[in-house]
Each structure stands twice: as structure tokens, then as C-alpha cells.
Amino acid sequence: MNNVNKNIRQKSKRKSYRKIQMYYNLIFGLFILLAVVYGVLHTFTHKKDYRDLGIEHFNNGEYEAAIEDFDNALECNQWFSETVNVDIEMYKADSYIKLGDFSTANNVYSDILKKYPEKYYDREKVDFLIELTNALNKYKNGDYVSTVACFNRAIEAGYVEMSLYAANCYEISKNYEEMKRNLDIYTAAFGYTPDICYKYASYYLAMEDYNNALSSIEQGIACGDSIYMQDFIYSQIICYTELNNYNTAYEYAKKYKTEYPGNADIADMYEYLDTRINIDTEVINDIYNQNNSITDDTTNAESEEDNESDNSIR
């Protein structure tokens, strides 16, 4: 009897043990499943898709859309993606630079230093980009003196697009030789655009080289519609006037008045050209009675013409 009870108790213990073991196995299995799911969710995300879409928008000049894509990519909490994240942050900062929001770009570069270990980026490069965006922000606020040195270092480092900012600084300081040199650097890399042609025209006007100024203006107009069109026409008036081609200057002045009515800038220029084209023969200080002489001559001439006309009729 004792043996029977003992066997029953042993069977009950084994059954309880198997049940406990089954629960442990079930919990462990669930843990493994959750770990796998969690790992998959943090390993296979849409980070790369958002990044690639952002780069596509960036290359197309759609910088606001690119920033939105880059933010979506950064929100994807993917393991072992620090290198990719830094790359995304760099693109994002560059997008803000393209939009002229230099202060926000500076903040993005500063965040890289705070959020990521240095092994994921070039510390010297990021430090310089922080300095450059500071200079761009100062330039935006009218500081053209202290910023040009930073732009020159940027050009030497390969950021040739900064040559346009340097050219503007040199134009304001009337260092036209350096202005032209930086314009040449920019066009060698990016070609001619209406704003670049306008800058060249401004340079040649400052040099009183009106023929080359006209060539730059014509090249800028040929590039297509431009916010500089009004400035181009006004510069043409100046060039043709200085070249003593008053007829052409007058035609452009009339065009300017028609297309940009109410603009006071052209009033004096138009009146001056009008006196060159429509010459007034009346003597102002007529101490020798010249006007009467002119009137008499004109009257006599008209009488002779009338007589000739009457004779021909007869």
C-alpha cells in the first residue's frame, strides 16, 4: 500500500514538473519570438528608403521635401546605423544651407558633435562647417568684411560654391580684381546663370568696359526669364549712353518706362536722352533775335513751297 501511494506521489510530481517545464519553455519561446520581432523591427526599417528619397529630392533642388524625408529617416530607430545617420544629418544641414537657413544648418552640425562618437565622422570637417555656417549667417546679416576670409578657406577646401559669396564681398569692398577672379572660379564649376551674368555686367560697368558689359547682359537675357531683367535693361541704357549710341539708349529707355512704369530711377536718364534725340532748335537766350530769324526763314520756306505748289496746280 505504501509503495502504491509512493508511486502515485512520484507520478504527480513528474506531471507537475512537466507542466512547469512546459510553462518555462512557452515563456522562453515567447521571449525568443519577441526578441526576434524586436530585432527585425530595429534592423529592417525604411531608413534607407527615406534616405534615398531625400537624396533624390536634394539632387532635384527640392530641399524642403528632402528635409522631410531625412527627418523620417532619422526617426527610424535602426540598430547599428550611426554612420548612416551622420550621413543623413550632413545632407539635412546642406539642404538648409541651400535654403539660406544658415542658423538651422549650424544647429544640425552642432548636434552631430553632441549625438555621435567621433569615429563616425571627420571632426575637423564638421568643425569647419560650423565655422562656415556662422560666416554665412553673418554675411546674411550684412557682415561682408570678416566673412570673406572664411569663404576663401572654404574655396581652398573644395567648397567652390562659396566663390560667389566671396565675389559679392569683394564687389562691396570695390576689390574688383578679386571679384572677377572669384566669378571665374564659380563659372568654371557651375556655368553661367542670369545672376552670374548680372555680376559680370556689374564688374565691367565698374571697369567702364561697356562693350563687355553689354555682352554679359545679352548672355544673361539669353538664359531666360530672370529677376534681373529690369536691371539688365537699365544697364543697357547706361552702356549705350556711355558709348554715345543715344538712339539705342533712348529705345531701351522707352522700353523701361513702358514695362516698369512709375519708376523714378529712369526719369532723369530718359529726359537726358530725349534732349539728345529730339533736339530743340529754339534759342533760349535770344539776344540776337535768332528765333524770329528762324521763324521768318521757316515762313519764307513754307511760302515758296506753297507758290511752287500753286504753280504746279496751274
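## Glu89 in helix α4

Leaving out neighbours up to four places away in sequence, Glu89 contacts Leu74, Val108, Ile112, Lys115 and Tyr116. The model described here is predicted. Glu89 belongs to helix α4, which covers residues 82-98. The relative accessibility of Glu89 is 3%, and since the cut-off for buried is under 20%, Glu89 counts as buried.

## Ser216 in helix α11

Ser216 is part of helix α11, residues 210-222. With a relative accessible area of 8%, Ser216 is also buried.

## Packing of α5 against α6

Two packed helices are described by the angle between their axes and the distance between the axes. Helix α5 spans residues 102-115, and its axis comes within 9 Å of the axis of α6, with a crossing angle of roughly 160 degrees. Angles over 145 degrees count as roughly antiparallel, so α5 and α6 are roughly antiparallel to each other. The crossing of these two helices is left-handed.

On the α5 side, the contact is made by Phe102, Ser103, Ala105, Asn106, Tyr109, Ser110 and Leu113. On the α6 side, the residues include Arg123, Val126, Asp127, Leu129, Ile130 and Thr133, as well as Asn134, Leu136, Asn137 and Lys140. Sorted by class, the contact of α5 with α6 holds eight nonpolar, six polar and three charged residues.

## Packing of α6 against α7

Helix α6 runs over residues 123-140 and helix α7 over residues 148-156. The axes of α6 and α7 come within 9 Å and cross at roughly 135 degrees. That angle makes α6 oblique to α7. The crossing of α6 and α7 is left-handed.

From α6, the residues in this contact are Phe128, Glu131, Leu132, Ala135, Leu136 and Tyr139. They meet Cys150, Phe151, Arg153 and Ala154 of α7. By class, the contact of α6 with α7 has eight nonpolar residues, two charged residues and no polar ones. Leu136 of α6 is listed in the contact with α5 and in the contact with α7.

## The protein as a whole

The secondary structure consists of 15 helices and zero strands. Of the 314 residues in the protein, 31% are buried.

Among contacts between residues at least 6 apart in sequence, 49% join residues at least 24 apart.

Notes
Residues are numbered from 1 along each chain as its sequence is written. This is a predicted model: local features need pLDDT of at least 70, side-chain atom pairs count only at pLDDT 80 or more; totals for chains, interfaces and linings use all residues. Side-chain values use heavy atoms; hydrogens and water are left out. Axes are lines fitted to C-alpha atoms, for helices over the stretch in contact, and angles run from 0 to 180 degrees between N-to-C directions. Helices (H or I, at least four residues) and strands (E, at least two) are DSSP runs, numbered from the N terminus. Angles under 35 degrees count as roughly parallel, over 145 as roughly antiparallel, 65 to 115 as roughly perpendicular and the rest as oblique. A crossing is left-handed if the near helix is turned anticlockwise from the far one by less than a right angle, and right-handed if clockwise. Contact means heavy atoms within 4.5 Å. Ala, Val, Leu, Ile, Met, Phe, Trp, Tyr, Cys and Pro count as nonpolar, Asp, Glu, Lys and Arg as charged, and the others, Gly among them, as polar. Buried means under 20% relative accessible area, exposed over 50%, partly exposed in between (1.4 Å probe, protein chains only).
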